[in-house]
Amino acid sequence: MWVARTVEECRAERARLSGRVVFVPTMGALHAGHASLIERARREGDAVIVSVFVNPTQFGPNEDFHRYPRPIEKDLALCEAAGAAGVFNPGVETMYPPGATACEVTIPALASILEGAARPGHFAGVCRVVAKLLHIVRPDSAVFGQKDYQQLRVIEAMVHDLHMPIRLIPAPTLRETDGLAMSSRNAYLAPEPRARAVGLFKALSLAQHMVRDQGRRDPGPIEAAMARVLADHGIEVGYAAVRHPRTLASIDAISNDGAVALLAGKLAGVRLIDNMPLPGAE
Ligand code: AMP
């Protein structure tokens with residue numbers, strides 16, 4: 001498995017690959033969820049390129065950019081074991097050369113709601129780095145996790161609107177045995193808050209139960225029930241929302257299209273997000 005640190009090295013390695021190239025962008029601190037994306041990518045094409053880059057432009061000034069874990073040797077071992085052909089691991093100055101005039105890529109309709117409202121500039125940073133990475137790697141397709149549901153919708157909109165010739169492959173969320181979605185940020189949690197973090201999964205499971213088993217269609221009571229479960233677990237509610245599955249707009253009722261339940265919560269200073277699809281009417 002090759003490891004490229006510069007744009008030129010990555011382009012040269014990519015040029016040597018034949019067949020369909022599938023790309024898996026990550027911020028490192030890789031876990032089994034990331035490994036499942038690499039495995040999904042291998043089934044999809046002939047060679048998998050993973051990027052490991054903690055992207056400063058998607059973090060707010062008071063967020064965890066500096067303390068985000070960077071266990072690069074462990075990450076490279078996971079990529080190799082999962083069957084990646086190569087890893088692009090650039091430094092910040094490679095992706096953002098000092099003195100370069102900044103470009104901004106935004107999807108205004110999606111970038112200002114939910115995660116975008118809580119983290120101003122976050123999706124502009126995500127779009128900017130993903131656009132750069134896609135131009136460097138030039139994959140045939142790219143895998144993104146449904147764990148970051150809004151991010152997936154944002155990237156879809158960018159790829160579609162900018163006519164990027166890339167097929168996007170959504171991949172399901174991997175969870176711990178108690179249901180907590182795997183996340184690099186779970187490592188920040190001490191055992192006591194870690195035990196309470198299951199509240200996110202319980203809230204989403206309750207939403208799914210209310211829709212699937214009780215036939216509830218009105219978002220209001222479902223959102224209130226989710227917020228109660230979070231509060232019961234001592235999780236500070238960022239948002240607890242039932243939205244349209246594609247536009248993420250508010251809806252009056254869950255229609256045949258179904259919906260998505262989205263949560264953000266904070267416990268012991270750690271902000272976690274999760275989501276779950278809600279079925280439409282039969
Ligand atoms: P990150 O390193 O957190 O930026 O995530 C890199 C990719 O892995 C994104 O497409 C995420 O949606 C995806 N991902 C993160 N957590 C999980 C998980 N628990 N299961 C599946 N995919 C995930």
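Arg-70 lies over the face of Phe-65, at 4.9 Å from the ring centre, and the charged end of Arg-67 sits over the ring of Tyr-188, 3.9 Å from its centre; a charge counts as over a ring if NZ of Lys or CZ of Arg is within 6 Å of the ring centre and within 35 degrees of the ring normal. The model is predicted, with local features needing pLDDT of at least 70 and side-chain atom pairs pLDDT 80 or more, while totals for chains, interfaces and linings use all residues. Residues are numbered from 1 along each chain as its sequence is written, and side-chain values use heavy atoms, leaving out hydrogens and water.

Phe-65 also belongs to a cluster in which ring pairs link it with Phe-59 and Tyr-68 (rings of Phe, Tyr and Trp, the latter by its six-membered ring, pair if their centres lie within 6.5 Å; planes under 30 degrees apart are stacked, over 60 edge-to-face and the rest tilted). The count comes to 3 aromatic pairs. The ring centres of Phe-53 and Tyr-96 are 6.3 Å apart with planes at 35°, so this pair is tilted. For Phe-59 and Tyr-68, centres 6.0 Å apart and planes at 75° make the pair edge-to-face.

Turning to the ligand, a polar side-chain atom of Asp-148 lies 2.7 Å from one of its oxygen atoms, and a backbone N or O atom of Leu-174 lies 2.8 Å from a ligand nitrogen.

Terms used. A polar contact is a pair of N or O atoms within 3.5 Å; within protein, one must be able to donate a hydrogen and the other to accept it, and residues adjacent in sequence count only if both atoms are side-chain atoms.
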